[in-house]
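Here is a short note for a colleague who is new to this entry. Please read it with the model open.

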Amino acid sequence: MIPSSAGVLSDLERVLIDSTAIQLRVAQLAHQIHRDLEGKPLGVVALLDGSLFFVADLLRHLDIPIQLHTLSVSSYHGETTSSGRIELAEKFPFHLQTENILLIDDILDTGLTLSSVRERLIREFQPEVLRTLVLLNKQARRIHPIQADYVGFEIEDEFVVGYGMDYQGQYRHLPCIGILNPSKNALSSIPS
Ligand code: XMP
């Protein structure tokens, strides 16, 4: 049984990107990354929880040696706008042994998360190459000057759920990405 329009999908006001489009784009991104890396080993740092499904699908397309590490980073804390703060430990809880690092997040929003982690990875591991990959780019909300090297989809400034992205821990398991019905989003009437 999978999420259906009669079940949890009915909490969506609309589907923004369906599962077929997501899977097609994920395969294209993997192909592009494989080509750019020329088969070299890759250290992947995935920012959780939002990139959970994206990373799982993407990496299974890559036939190269991969050292995968995850980091739990959040700037949203159960709300629908960024708190403007992220908490990062003094040192990363892993060591990367590759010259090529790929930093993956679900959404590039204000840019705080990706730019902070990217800077720290460069400082700590001094890789030859560090590339960034996000599934979604909300260009309109950028505050910190960073562009991802690889972007799945450009989206407008709307709060999205599904395919790893949540509202208060819910909806991550949806196979598509969508906009929540305002009646299901307690904070939708609070201006950001
Ligand atoms: P910043 O502002 O640091 O934010 O670029 C990146 C993080 O914010 C989260 N984010 C969202 N999460 N729906 C979500 O479920 C959204 O529409 C959304 N926009 C941003 C996300 O965790 C990302 O890593």
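Which side chains meet in a salt bridge at 3.9 Å, N to O? The side chains of Arg 14 and Glu 13 do.

1. Basis. This is a predicted model, where local features need pLDDT of at least 70, side-chain atom pairs count only at pLDDT 80 or more, and totals for chains, interfaces and linings use all residues. Residues are numbered from 1 along each chain as its sequence is written, and side-chain values use heavy atoms, without hydrogens and water.

2. A polar side-chain atom of Asp 106 lies 2.8 Å from a ligand oxygen. For Lys 138, a side-chain N or O atom is 2.9 Å from an oxygen of the ligand. Asp 109 uses a backbone N or O atom, 3.0 Å from a ligand oxygen. The protein buries 94% of the 510 Å² that the ligand exposes when taken alone (Shrake-Rupley method, 1.4 Å probe).

3. Salt bridges. The structure holds twelve (a side-chain nitrogen of Lys or Arg within 4 Å of a carboxyl oxygen of Asp or Glu). Asp 49 pairs with Arg 172, their closest N and O atoms 3.6 Å apart. Asp 49 is partly exposed at 40% relative accessible area, while Arg 172 is buried at 19%. Buried means under 20% relative accessible area, exposed over 50%, and partly exposed in between (1.4 Å probe, protein chains only).

4. A further pair. Glu 124 forms a salt bridge with Lys 91, with 3.8 Å between the closest N and O atoms. Glu 124 is partly exposed at 26%; Lys 91 is exposed at 58%. Shared partners also join Asp 109, Lys 138, Arg 141 and Asp 157 into one salt-bridge network.

Technical notes. A polar contact is a pair of N or O atoms within 3.5 Å; within protein, one must be able to donate a hydrogen and the other to accept it, and residues adjacent in sequence count only if both atoms are side-chain atoms.
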